[in-house]
Amino acid sequence: MKLYARPASPFARKVRVMAREIEIVDQIEEYMLASPEEMQSEVPKYNPLGKIPALILDNDDVLYDSKVICEYLDTLHDGDKYFPSDPAKRWPTLLLQGLADGIGEAVIAAAMNKYMRPDEFVYEPAIDFQLEKVERGLTDIESRIEELQGPLNIGSLSTACAIDYLNFRFPDQGWRDRNPNLAAWFEDFSQRPSMKATNFDMPS
Ligand SMILES: N[C@@H](CCC(=O)N[C@@H](CS)C(=O)NCC(=O)O)C(=O)O
């Protein structure tokens, strides 16, 4: 399989972290797109939306959207499922994934506004509008921190990837002071070899 990704993408990182956790990373060639220009020329061949992650299967079928790819990866291992089937666990887990992905999307929108426009077109209220979503999302996760403390699943994994992207784009956002339990959980989670192996230090 071939995965189209960029190092900082929180959505590609979900796939990359999960592949390491379920120990199938050696079945995946991770292709890091070198630039936004390469993304624009390559990715629409596989995903009409032009977004990463996109996974090319060995039979040349294509999967895109991190939620779809991760659920596919979940069929490739025999360990505890990241997408539980028991409804009592399934819906809270999928909801947490939805919330975490929404936080990631809001950080991307804020970062696009802040860093990818000429100064005269940066509109601070639009950035604040997105960062308020992030703030409310993290407050909500802090209030049900126990959901993160069970076995690893797609909700907790997505939360970690979204938070690390926030740390990267807005390092002074200050979420740790306002969400101490989430901060402690994240510090612990970041020590996992899967997170360390997919750490990044360059902008997307
Ligand atoms: N819902 C999608 C979101 C993917 C996404 O937004 N990817 C970003 C990179 S993190 C992207 O490819 N952006 C390029 C674009 O929007 O054209 C998923 O979960 O995979």
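Modeller: The chain is divided into domain 1 (2–76) and domain 2 (87–192), with bounds that come from an automatic or database domain assignment. This is a predicted model, in which local features need pLDDT of at least 70 and side-chain atom pairs count only at pLDDT 80 or more, while totals for chains, interfaces and linings use all residues. Residues are numbered from 1 along each chain as its sequence is written.

The C-alpha centres of domain 1 and domain 2 lie 21 Å apart, and 10 residues of domain 1 are in contact with 10 residues of domain 2, contact meaning that the C-beta atoms of two residues, placed from the backbone, lie within 7 Å. On the side of domain 1 that touches domain 2, the elements giving two or more residues are α1 and α3, and the largest share, 7 residues, comes from α1. Helices (H or I, at least four residues) and strands (E, at least two) are DSSP runs, numbered from the N terminus. This side of domain 1 divides into 6 nonpolar, no polar and 4 charged residues, where Ala, Val, Leu, Ile, Met, Phe, Trp, Tyr, Cys and Pro count as nonpolar, Asp, Glu, Lys and Arg as charged, and the others, Gly among them, as polar.

The helices α1 and α3 also pack against each other, at an angle of about 10° and with their axes 9 Å apart; α1 is therefore roughly parallel to α3, a term that covers angles under 35 degrees. Axes here are lines fitted to C-alpha atoms, for helices over the stretch in contact, and angles run from 0 to 180 degrees between N-to-C directions. In this packing, Phe 11, Lys 14, Val 15, Met 18 and Ala 19 of α1 meet Ser 66, Ile 69, Cys 70 and Leu 73 of α3, a set with 7 nonpolar, 1 polar and 1 charged residue.

Among the surrounding residues are Phe 11, Ser 66, Asp 101 and Ile 108, a residue being near a molecule if its C-beta atom, placed from the backbone, lies within 6 Å of it. By class, the shell has 5 nonpolar, 3 polar and 4 charged residues.

Finally, 4 strands form an open sheet of mixed pairing in the order β2-β1-β3-β4, with β2 (29–32) and β4 (62–64) as the edge strands.

Technical notes:
Parallel < 35°, antiparallel > 145°, perpendicular 65-115°, else oblique. Pairing = 2+ DSSP bridges.
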